[in-house]
Amino acid sequence: MLIAFLTDIHSNREAFSAVLAHAAARTKPVDRFVFLGDYVGYGADPQWTVETIAEMVDKGAIAIRGNHDEAAVGAAHGMNPAAASAIEWTNRHLDKAALRFLERLPLEVVDDDRLYVHADASAPDRWLYVIDGEAARISLEAAETRLVFSGHVHVPAIYGLSNIGKLTPFKPTPGVAIPLLAQRRWLGLIGSVGQPRDGDPAAAYATYDTHSAEITFHRVPYDVDKAAEKILAAGLPAGLASRLHAGR
Amino acid sequence: MAAPRVGPGSVIDGYQIDSQIHKGGMATIWAIKTGPDETPLIMKVPRLAEGEDPAAIVGFEMEQMILPRLTGPHVPRFVASGDFRTLPYIVMEWIQGKSLHTRLPDLPLPPEEVADIGARVAVALDALHRQQVVHLDVKPSNVMVRPTGEMALIDFGLSHHLQLPDLLDEEFRLPYGTAPYMAPEQVLGERSEPRSDLFALGSLMYFFVTGTRPFGDPQSLKGLKKRLWRDPEPPRDLRPECPPWLQEIILRCLEVNPENRHPTAAQLALDLRTPAQVPLTARAERKGQDGFITAFKRRMEVDSILTVKKGPAAGDAPIIMVAVDFTTTGEPAANAMRAMIRQLMGAMPRARLACVNVLKLRRIGLDTTLDDEGEHKHLQRLIELRHWARPLELPEGAVTFHVLEATSPADAILDYARSNHIDHIVMGARERSTMRSLLGSVSGEVAAEAPCTVSVVRARAEED
């Protein structure tokens, strides 16, 4: 089975559409889409984004909850001013069905030997950032599955944990299949579709082949200008538009 | 984990085990029964039952990860691997040949033979490096000589694929490698430097030409680190027959700072194949080791080695081949070719230029260079080639000259490009003529068949 992981779309319709088209153009078709949270916030197309994901979930996709999804239906506590103002705007631009969809998202899903969780698996509702080896170890050790796939940090990375507790961090090269060796446990941080922060403005996602146990990270260039213009036209903070160009 | 039960006669996933052909510290190698027309195969089974050395397990994982991603004649062909949870193994091609280890009783070897072996190993390393893999355990027993003469590298248990997670990097505090051949930066834990393999090959060539290992076989980390500051005895001190050019090449491989070695394995191979054109530096005539004071000073400054600057990738140090044809190109065309070379060499200061001319033989066997006239022609072409390149004002060492003798210029150029791992061929377009429309052009054939980029240069046509 080929799984496509998409995360941190953040209402970026242009990036999300480009990734869906990229995934559809593959010679080996994607069997299952897994969305790892944060569908809204920052970008100008929350309603379309949530509707699209909801339709895909009806057809068998899996979607879990991110902190922005939670904030959009409740309180935006603990967020920086730009994020909080985007969340307040987002809430006003989602219809009832979309809000209900976000409200019902699970915090985590176990699928065979894989755990899907937006942030740190040891405390999924605390939204901690897995930014280094120590955080990766805590997240992996808290999970009971061999593999953990997460988003939240907006930077693609892999961490491998050996059976004697040694941790190997790794920065994946786009397009190169990486075997998640059976004798280790692995944490895959997928990178963001709608707001990449590793210096490359192209949208990020990954595919995982359950048969060969190989994960491949992808980068998809999209119409950044259009996504940025829409953010400005919506009256959202200008910094949310400019950071898309920088990929920061 | 249960001990893998593999023995003569047992069948594993359809592979019938024949006999044990090797039992090493980390793995056991079994021959597999194959039909007479099938590729001979071996099964490598890690020694996990003894399990005392975690490196055996990690090394096996690394090999399982890296080998399936490698292609070409310079590695054993990967066939299958077993599930690590039940029975870990790798089935691969059984290379029909002997390892360089079998040559040890013959040491020292004649310098020309050492250079030939070195060049062929360098070509294999270049093929590996281009596939993003640093071997990190180049030594005689890990180099197999195929019946074709091509060298194949085996045992990727310590290797690093630059685009895959490095499981060994985080796993162990001591450096892994083989003491006599390990590069200084590898001793310090660096595992991403392709030029570490050039150091190991330099140690191997030193050993093969002198019969002595340049740094002995130290068994402690302290002993290993000595190569960071203590220079080896120059090969010519031990073996006066070793020519200065070979000492130059070997000592350049053994430079402590990777920046001072050849930028790529392909450039090293080119040097080993063109001894007469290796620029000789002080290394070539070095006699005796550095004095105590110099070595002691280096020892005190060893920290500067710890911060080895990462060199640019091989893409910045290509070998560019310019195929010069004196018969069809006029001065405007020659100027256009040289302008192109200047641009390329100017953009990549570590690039090497190979100036090549094809001396066309009418028919094989009839005119050869064995007669005086042929030799004269060959030498004359070399002189003309040097003259052609003079306006480029390239430093010695950045350019070499070659006259190839062949009946088909296109085949000669293609063969040269393939066997020397050329990155870019620059050649002139044939002038418009009836001959070209009848016979097709050499550049057209080269552009269609070449293993690399081909630039076909034509002087801007005058407006009518």
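Which residue forms a salt bridge with Lys230(A), and how far apart are the closest N and O atoms?

Reply: The partner of Lys230(A) is Glu14(A), and the closest N and O atoms of this salt bridge are 2.6 Å apart. The pair ties together parts that are 216 residues apart in sequence, because Lys230(A) lies in helix H7 (residues 224-233) of chain A and Glu14(A) in helix H1 (residues 13-24) of chain A.

This is a predicted model, in which local features need pLDDT of at least 70 and side-chain atom pairs count only at pLDDT 80 or more, while totals for chains, interfaces and linings use all residues. Residues are numbered from 1 along each chain as its sequence is written, chains are lettered from A and ligands numbered from 1 in the order in which they are written, and side-chain values use heavy atoms, leaving out hydrogens and water.

A salt bridge here is a side-chain nitrogen of Lys or Arg within 4 Å of a carboxyl oxygen of Asp or Glu. Helices (H or I, at least four residues) and strands (E, at least two) are DSSP runs numbered from the N terminus. Buried means under 20% relative accessible area, exposed over 50%, and partly exposed in between (1.4 Å probe, protein chains only). With a relative accessible area of 26%, Lys230(A) is therefore partly exposed, whereas Glu14(A) at 11% counts as buried.

Over all chains, the structure holds 38 salt bridges. One of them, in chain B, joins the side chains of Arg130(B) and Asp423(B) at 2.9 Å, N to O. This pair links distant parts of the chain, 293 residues apart: Arg130(B) is in helix H2 (residues 111-130) of chain B, and Asp423(B) is in the loop between helix H15 (409-419) and strand E15 (424-428). Both ends are partly exposed, Arg130(B) at 41% and Asp423(B) at 23%.

Arg298(B) forms another salt bridge, with Asp231(B), whose closest N and O atoms are 3.2 Å apart. Here the pair ties together parts 67 residues apart in sequence, because Arg298(B) lies in helix H11 of chain B and Asp231(B) in the loop between helix H6 (221-225) and helix H7 (235-238). Arg298(B) is partly exposed at 26%, but Asp231(B) is buried at 8%. Back in chain A, salt bridges that share partners join Arg32(A), Asp111(A), Asp112(A), Asp113(A), Arg114(A) and Arg146(A) into one network.

Helix H11 (residues 292-300) of chain B also holds Ile293(B), which is exposed at 60%. Ile293(B), Phe292(B), Phe296(B) and Met300(B) form a nonpolar surface patch with about 480 Å² of accessible area together. Patches are made of residues with over 30% relative accessible area and no salt bridge, joining like charges within 9 Å and nonpolar side chains (Val, Leu, Ile, Met, Phe, Trp, Tyr) within 5 Å.

Chain A has a patch of negative charge on the surface, where Glu51(A), Glu55(A), Asp58(A) and Asp95(A) gather. Glu55(A) lies in helix H2 (residues 46-58) of chain A and is partly exposed at 47%.

As for chain B as a whole, its secondary structure comes to 17 helices and 16 strands, and 51% of its 464 residues are buried. Among its contacts (heavy atoms within 4.5 Å) between residues at least 6 apart in sequence, 71% join residues at least 24 apart.

Technical notes:
Areas by Shrake-Rupley, 256 points an atom, 1.4 Å probe, with all protein chains shown as cover. Lys, Arg positive; Asp, Glu negative; His and termini not counted. Charge placed at Lys NZ, Arg CZ, Asp CG, Glu CD.
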